Amino acid sequence: MPPTSVRTRGRGPVRRRLLPRPRVLLGSLLVLVFVGVLIVQAYINAEFKSDHQDSEVGDQAGVPQDVLNGGPVINTTGGQESTSRMPPKTIALTFDDGPDPIWTPKVLDVLEQYDAHGTFFVVGSEVSRHPELAKRITDEGNELGLHTFTHPNMQRLAPWRRNLELSQTQVAIARATGVHTNLARFPYSSKNAAIDETNWRIVKDAGRQGYLVVVNDLDSEDWRRPGVDQIVKNATPTGTDSAVILFHDAGGDRRQTVEALRRFVPAMQARGYRFTTVTEGLNRTIEQSNAAAKDTPPVPRLEENPDAAGSDVWRGTAVIWTVRVADGLVWFIAILFLVVGALTIGRTALLLLLATRHARQRRKPGWTWGPPVVEPVSVIVPAYNEKEGIEAAVRSLAGGDYPAIEVVVVDDGSTDGTAALVEQMRLPNVRVVRVPNGGKSNALNTGIALARHDLIVTVDGDTIFEPDSIRKLVQPFADPAVGAIAGNVKVGNRERMVAAWQHIEYVIGFNLDRRLYEVLGIMPTVPGAIGAFRREALAQVGGISDETLAEDTDVTMAMLRAGWRVVYAEGAKAWTEAPATLEQLYRQRYRWSYGTMQAMWKHRRALFDKGPSGRFGRVGLPFLALFGVALPMLAPVVDIMLLYGLVFWELEETVVAWLGMLALQLFTAAVAFRFDKESLKPLWRLPLQQFAYRQLMYLVLMQSATTALTGGRLRWHKLHRAGLVARTEHAPPPPLPAGNVAPVVDTWPSTLEQTRVDHHPAAGRAFARPVVPSQPVRGQQADEYDPEDLPSAGSPPGGGTGPVYTG
């Protein structure tokens, strides 16, 4: 299918990428979402501690003496500087820090029981969380006042932030109750005598906004929880004095407050006291003043709980929903954190238990798979532009200590002379087959078709075997039930930081996992770097399918469904060149994860099968979905909660929790490294890996899932190799000979002159398609194309598995 658009770069046309690069956009979007949530949460919960802090009173020279010695209601509206008190034998109960879903209803019940009213100075964020409680307060004849939105120390805030604290609380009240309030009380304030110049400026600023600032005459000190008797004593006025009394209906355990109110209210009523709201008490004071001052215009009464403006109600709706969404997301993240923690601990326990069992079984004296396997082996090496490492790879394969090794190098249309380099080595047991570029599956199937033997070993073109690797790899074939064997892949270029992180991952995440998978009988992948197959098993499942990007995972799942056993040969080691940069690593893992998701989706019908296929479907697929996809995708919540905890929770507890998780990972890593007989020195990089490497893997999985859900196409990206060992320099390779260079092989198993039959539900072969558009045609030069757009060994098939004309 021709490309939909062409752009120019360099000397020739280049295909537009099938997918845009969404990883930066996706990652940035996720980061912005979580940062936004954390910022909202930071604002909502900022400094919400005790309502009282010890602080020194500053200079009071600029504070009027009438204010310092005056009543608890301070009026600076309209340029005034006056104070007021409640009438004699009048008590205004005030409650700070609510509404609280536990204690506010209990306080309201006491007030209702004794027909008393109070003024509740509410925190706007709590009103947003519990609007029904704010509504109940006003419905039962009580009054609301502002206690800021997030309970900060107003002295530490900029003027715009102080205004925001009041206005947001006002609109939250408007949305919750439909009323407006003219009263404000600032956190950490106390009595008139404690007002200094800094506080006085804040009081006057509130007055310019139309607020009366309310302090208190008496502090019950219920926040100290000194006992019911002491609270009652602290709240009791002298003689017939009036009082604005401070209580709390939130901010901690208020059991003593509720019990003190049950004793205090009826006791004071018995002494002739009347309990009013602040506004009601002020109106009684105004009435008495108007009656005494007959020659001056009367002072108007204050309206209690006046109706809110419609604009405030709408603004309050936005504020309340913002708080709810932020709270909901944080709770959701917290729940995910618990889920991830439980899954991680459960998986680790299962991993250690079964992997240890596997290791102990294999290391028992005299344990064997059966009689030694000495049957001839054909090693298939699909190669595309592997000049940097192909010589070392082929030399290690051909020179192994196994008695009969045939190496078939399938050059998949390389443009760098890979095939010529192998031919110039002139090794007697090595054959080179040149085929037009068609992808890794096509190259593998071609090599298998041309192989002489029934034991097939597949190797990537950049992989180096140890002398005994093939011998150790094929020994499990002594068990006739074994259809495929996974070898032990090692990172050869681990001196680089990025590769060293992958070394840790290979030992822990791959090789330790394979022990677990073998015990469970659900080994999902025989790695392309080192794997062995029975020809019979490959034929039964239809060969190496080209329907996914993870052909090794696809064929392994097919074998499990067909009833073959797939095992792990830990002693068979292969050294591969891991991506040395984050960009290359991202490309590789993107393909891996997306291909694995494709394979899982392809084999989804196994969930409903019977026999071995059904067992894999109901055990293997859910296990992979849960621990291979869901858990890694949810793992970022660990880092998110760490960040959140460091900023907003208790620092010590957060650090201890994270160190506990790290210790568990270090222990698991140490076990894995011990099983693989690896040095523990690289594990010093593990903490850094948690902060850097893991974040990249998160984005890989998220983008892979996004690609899968949106049905996007993903092509293979060729990784740039440097080679694990120095390459021998040769003269420039000769051009490809004209005509065909090998026998005609259409696919493997062969489909020439026969109708396609699916012998197994896992079998799947793609029909032949045209050569990939990026493949140079006769008369065109390879350098006219973007090298990154050229597929190679290990790639998805660009041109399907159509006829390979060789000769």
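Predicted model: local features only at pLDDT ≥ 70, side-chain atom pairs only at ≥ 80, totals over all residues.
Residues are numbered from 1 along each chain as its sequence is written, and side-chain values use heavy atoms, with hydrogens and water left out.

Q: What percentage of the 807 residues in the chain is buried?
A: A residue is buried if its relative accessible area is under 20%, exposed if over 50% and partly exposed in between, with a 1.4 Å probe and protein chains only. Among the 807 residues of the chain, the buried share is 56%.

Q: How is the pair of Tyr517 and Phe623 classed?
A: Rings of Phe, Tyr and Trp (its six-membered ring) pair if their centres lie within 6.5 Å; planes under 30 degrees apart count as stacked, over 60 as edge-to-face and the rest as tilted. The count by this rule is seven aromatic pairs. Between Tyr517 and Phe623 the centres are 5.9 Å apart and the planes stand at 80°, so the pair is edge-to-face.

Q: Which helices hold Tyr517 and Phe623?
A: Helices (H or I, at least four residues) are DSSP runs, numbered from the N terminus. The pair ties together parts 106 residues apart in sequence, because Tyr517 lies in helix H16 and Phe623 in helix H20.

Q: What is the angle between the planes of Phe623 and Phe627?
A: Both residues lie in helix H20, four residues apart. Phe623 and Phe627 form a tilted pair, with 4.7 Å centre to centre and an angle between the planes of 50°.

How values were computed. Helix = DSSP H or I, 4+ residues; strand = E, 2+ residues; numbered from the N terminus.
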